[in-house]
Amino acid sequence: VFMPSTGAYYGLRTATGHAFRAQTWRDLLLAADPVGYQSVSYLRFSGQNAPVTIHSPVLDRMAVKYFAFAPGALPLGDPVTVGRAAGEAVLRDGRSVQATVPAAALRGVGLQLTSGVPRPPDGFARLDAEVLDRSGRVLARSSRRLLDGTGGPGPFYVAVTGEGARSAPGGTVRVRFTLRAPGSTLRLARTEAGVPVLPTVRALADGLRLVYAADAVIYQRLTALPRIRWAARAEVVPDPDEVVRRVAAGPAADTVLLEPPRSGGPAASGGPAGSAGAGTAVAVTGPAGSAGGARVDVLEDSGDTIRARVDAPVPGHLVVADALQQGWTVTVDGRPALLRPADHAFVAVEVPAGRHEVTYAYRPPGRPLGGVVTALALAALAALLVADRLRRRERIA
């Protein structure tokens, strides 16, 4: 839907896009969509797999809150057709047709076309759709360009944010379509009563909510975890491939999967480093089933610094669902702490019970060496300037 790097231009955080990604991040995205890897610097979800990918637990862990489709995509939900075809009608430019359907949580409404969508002379030609209650109040409206249609007969859907239509008084709503296409017509199926046959798509309890329907169709993912979250439980999983499989299967929301501590680092609470045998997973933080009830207040979330205040009744981990495994450090109450790779592509830090302030900070890996090289270069330039002035004085003398 969005051109590569559009998210960067508008300051949006995106799981995919045109950028060089950490290998661990790519591993998780490929677990969500095996054909989403386009090149070393281009990741996008494929349209063919998108209706499945949108439900992936991987996106929950990545804190992907919204998922966008092109406007011509079939609305997600339960397709139900209202009316039986008994004839044909023609919808002309500027004219409207309407029919009554049972009040339901609508994500899409459409017309049953008996012939293909004609290629309009105007690229902006469209079909407008409105969902109205019995008093005529508009509950939802949207449109779809004719150019987004297919060549053959069948349902021509328009996505609508009508999930609140189920609360309409009277138990029914009216759906009105208006063609805005000079020089074009649509041939559609009608019932014996002369009203159009209406294919509809009704919302399911699928953890999604259609929140925008116009030049794109955007669903809110209600199952997405917070990007900066508290995990009262942790498991050490030595095998990275197993971590990816576990994330793709959907671990508990209050659990974070950690790699074994690297050499020189402390173990997570609950057991020494290496206490688990190879290939095993051991609960290391928090009693079974404890959500912890921690309060996390994000104090700063800038490009190079993430600062949060944690108030937790039990020990746990503060997890950040960003690829921060290179060049980042972390402190707890100003004291250096161990930055742990978490859920394969993210990071976490162990935080004791109580009230604490956690700061993640970015320090480019080459900054110390760069500082030394810069200082030496400046010293060398200063020495050359001094030597040059001394030579000039000797010549004058």
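The questions and answers below go through helices, strands and single residues of a predicted model.

Student: What kind of model is this, and how are its residues numbered?
Tutor: This is a predicted model, in which local features need pLDDT of at least 70 and side-chain atom pairs count only at pLDDT 80 or more, while totals for chains, interfaces and linings use all residues. Side-chain values use heavy atoms, with hydrogens and water left out, and residues are numbered along each chain as its sequence is written, from 1.

Student: At what angle do helix H2 and helix H5 pack?
Tutor: Helices (H or I, at least four residues) and strands (E, at least two) are DSSP runs, numbered from the N terminus. Two packed helices are described by the angle between their axes and the distance between the axes, the axes being lines fitted to C-alpha atoms, for helices over the stretch in contact, with angles from 0 to 180 degrees between N-to-C directions. For H2 (residues 23–32) and H5 (residues 240–249) the axes are 10 Å apart, and the angle is about 45°.

Student: Which word describes how H2 and H5 lie to each other?
Tutor: Angles under 35 degrees count as roughly parallel, over 145 as roughly antiparallel, 65 to 115 as roughly perpendicular and the rest as oblique. The angle here is about 45°, and H2 and H5 are therefore oblique.

Student: How many residues of strand S8 are buried?
Tutor: Buried means under 20% relative accessible area, exposed over 50%, and partly exposed in between (1.4 Å probe, protein chains only). Strand S8 (residues 106–113) is largely enclosed by the rest of the structure, because the buried ones among its eight residues number seven.

Student: Which residue in strand S11 is the bridge partner of Gln112?
Tutor: Strands of a sheet pair through backbone hydrogen bonds, either parallel or antiparallel, and two strands are said to pair if DSSP finds at least two bridges between them. S8 and S11 (residues 154–162) run antiparallel and are joined by seven bridges. S8 also pairs in the antiparallel sense with strand S14 (residues 198–202) over three bridges, where Val109 stands opposite Thr200. In S11, the partner of Gln112 is Pro155.

Student: Which strands stand at the edges of the open sheet of four strands?
Tutor: The pairing in this sheet is antiparallel, and the order is S7-S12-S9-S10. Two of these strands have a single partner strand each, so one side of each is left without a neighbour in the sheet, and they are S7 (96–102) and S10 (138–145).

Student: Is Thr178 buried or exposed?
Tutor: Thr178 is found in strand S12, and Ser96 stands opposite Thr178. Not counting residues up to four places away in sequence, Thr178 touches Gly94, Arg95, Ser96, Arg126, Leu127 and Asp128. Its relative accessible area is 7%, so Thr178 is buried.

Student: How many residues apart in sequence are Thr178 and Asp93?
Tutor: In space the two are 7.8 Å apart, C-alpha to C-alpha. In sequence, Thr178 and Asp93 are apart by 85 residues.

Student: Which residues are in contact with Thr53, leaving aside its neighbours within four places in sequence?
Tutor: Thr53 is found in helix H3 (residues 50–53), and Thr53 counts as buried at 1% relative accessibility. Its contacts are Ala32, Asp33, Phe45, Leu59 and Phe67.

Student: What is the phi of Asp343?
Tutor: Asp343 is found in the loop between strand S26 (340–342) and strand S27 (346–351), and at 0% relative accessibility Asp343 counts as buried. Asp343 is not a glycine, yet its phi is positive, at about 50°.

How values were computed. Contact = heavy atoms within 4.5 Å.
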